[in-house]
Amino acid sequence: CRWATPREQANNARWNRKIIIKGIEDTISNVARKYNIPHPTLLRRLNQGLSLDKLLAPPMKKGNHRE
């Protein structure tokens, strides 16, 4: 038995959505953090069905929205 951080507990939640990026399964939150993409942006891109390169592209600056 060991203590888990709130982040670890949230990642283990049943409702957490997981995706496979480059052969590795991870949560949307972890992928967003790893690639420095805001969680809502990554989720929107996933729901739009964008390709992997567009999915992980850095967010555009305000006023340059072309996704």
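Contact, in what follows, means heavy atoms within 4.5 Å. This is a predicted model, where local features need pLDDT of at least 70, side-chain atom pairs count only at pLDDT 80 or more, and totals for chains, interfaces and linings use all residues. Residues are numbered from 1 along each chain as its sequence is written, and side-chain values use heavy atoms, without hydrogens and water.

The overall layout, then. The chain has 4 helices and 2 strands, in the order α-β-β-α-α-α. Helices (H or I, at least four residues) and strands (E, at least two) are DSSP runs, numbered from the N terminus. Of the 67 residues, 25% are buried, that is, under 20% relative accessible area with a 1.4 Å probe and protein chains only; exposed is over 50%, and partly exposed is in between.

Next, Thr-27, in strand β2, residues 24-27. Thr-27 is buried, at a relative accessible area of 2%. Beyond its neighbours within four places in sequence, Thr-27 contacts Asn-11, Asn-16, Arg-17 and Lys-18. Its side chain also comes to 3.1 Å from the backbone nitrogen of Asn-30.

Now helix α3, residues 39-48. Which of its residues are buried? Thr-41, Leu-42, Arg-45 and Leu-46. They span an arc of only 135 degrees around the axis, so they sit on the same side of α3; the arc is taken from the directions from the helix axis to the C-beta atoms. Pro-40 and Asn-47, on the other side, are exposed. The buried residues of α3 pack against β1 (18-21), α2 (28-34) and α4 (52-55). After α3 comes Gly-49, with a positive phi near 75 degrees.

Definitions and conventions
A polar contact is a pair of N or O atoms within 3.5 Å; within protein, one must be able to donate a hydrogen and the other to accept it, and residues adjacent in sequence count only if both atoms are side-chain atoms.
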